[in-house]
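Please have the sequence and the 3D view open as you read.

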Amino acid sequence: MRGVDGLIRLWKWRLDERRRIVVDLEILRAGIERQMAGLDAELEHERKVATQNYTAGFGFTNYRRMNRERHANAEVARDETIDRIAAAQEEVNAAFRELKKYELVLENWERRERLKQEKREQDEMDEAGLQGFRRRQEQPGNPPE
């Protein structure tokens, strides 16, 4: 079943590739979430500075607006990444199902071949036993059973 072996190798490779994509997307999502947390921390720090320093307070409103825009853009990117992760995970599931299909084909073929081999061996043993019985019956002085 060389053809099935090749298909199994191909789908294992495809499954691994799709899993790598999911991992890469998860890393990207985590990076975006770290960026969002950094923006929140930065905003809080700037808020403290603005409350303590009168001149720094003048630019805080513009800074806060810019920070919120960057945060909103990061949220959109995170949501898009989550959608891409879901789609990539579905591709992983589809590749896994396809791989399992070929593995089951190979397993069933191997089981049938094993059963055929066992039947051949049993037939050979039966034939050898039958020939031994016939030889004993053909020897002079052996009564028929």
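Please keep in mind that the model is predicted. N67 is part of helix α3.

What does N67 touch, once its neighbours within four places in sequence are left aside? The residues in contact with N67 are L39, E42 and L43.

## How α1 and α3 pack

Now step back to the two helices, α1 (residues 2-52) and α3 (residues 60-138). Their axes come within 8 Å, and the crossing angle is roughly 165°. Angles over 145 degrees count as roughly antiparallel, and α1 and α3 are therefore roughly antiparallel to each other. The hand of this crossing is left-handed.

Which classes of residue make up the contact of α1 with α3? Sorted by class, the contact has 28 nonpolar, 5 polar and 20 charged residues.

## A salt bridge between the helices

Side chains of opposite charge can pair when their charged atoms come close. In this model, a search of the whole structure turns up 12 salt bridges.

One of them is formed by E91 and R18, whose closest N and O atoms are 4.0 Å apart. E91 lies in α3 and R18 in α1, so this pair ties together parts that are 73 residues apart in sequence. Are these two residues buried, partly exposed or exposed? E91 has a relative accessible area of 42%, so it is partly exposed. R18 also counts as partly exposed, with 25% relative accessibility.

K101 forms a salt bridge with E98, and here the closest N and O atoms are 3.0 Å apart. Both K101 and E98 belong to helix α3, where 3 residues, or about one turn of the helix, lie between their positions. With a relative accessible area of 44%, K101 is partly exposed.

K119 and D123 make another salt bridge, with 3.3 Å between the closest N and O atoms. Because K119 and D123 are 4 residues apart in helix α3, about one helical turn separates them. D123, at 38% relative accessibility, counts as partly exposed. Elsewhere, salt bridges that share partners link E26, R29 and E33 into one network.

## A glutamate that reaches other residues

Our last stop is E103, which is placed in helix α3. E103 counts as partly exposed because its relative accessibility is 21%, and the cut-off for buried is under 20%.

Which residues does E103 touch, not counting those up to four places away in sequence? The answer is I8 and K12. As for distance along the chain, E103 and R135 are 32 residues apart, and 48 Å separates their C-alpha atoms.

To recap, α1 and α3 are roughly antiparallel, with a left-handed crossing.

Methods: Residues are numbered from 1 along each chain as its sequence is written. This is a predicted model: local features need pLDDT of at least 70, side-chain atom pairs count only at pLDDT 80 or more; totals for chains, interfaces and linings use all residues. Side-chain values use heavy atoms; hydrogens and water are left out. A salt bridge is a side-chain nitrogen of Lys or Arg within 4 Å of a carboxyl oxygen of Asp or Glu. Buried means under 20% relative accessible area, exposed over 50%, partly exposed in between (1.4 Å probe, protein chains only). Axes are lines fitted to C-alpha atoms, for helices over the stretch in contact, and angles run from 0 to 180 degrees between N-to-C directions. Angles under 35 degrees count as roughly parallel, over 145 as roughly antiparallel, 65 to 115 as roughly perpendicular and the rest as oblique. A crossing is left-handed if the near helix is turned anticlockwise from the far one by less than a right angle, and right-handed if clockwise. Ala, Val, Leu, Ile, Met, Phe, Trp, Tyr, Cys and Pro count as nonpolar, Asp, Glu, Lys and Arg as charged, and the others, Gly among them, as polar. Contact means heavy atoms within 4.5 Å.
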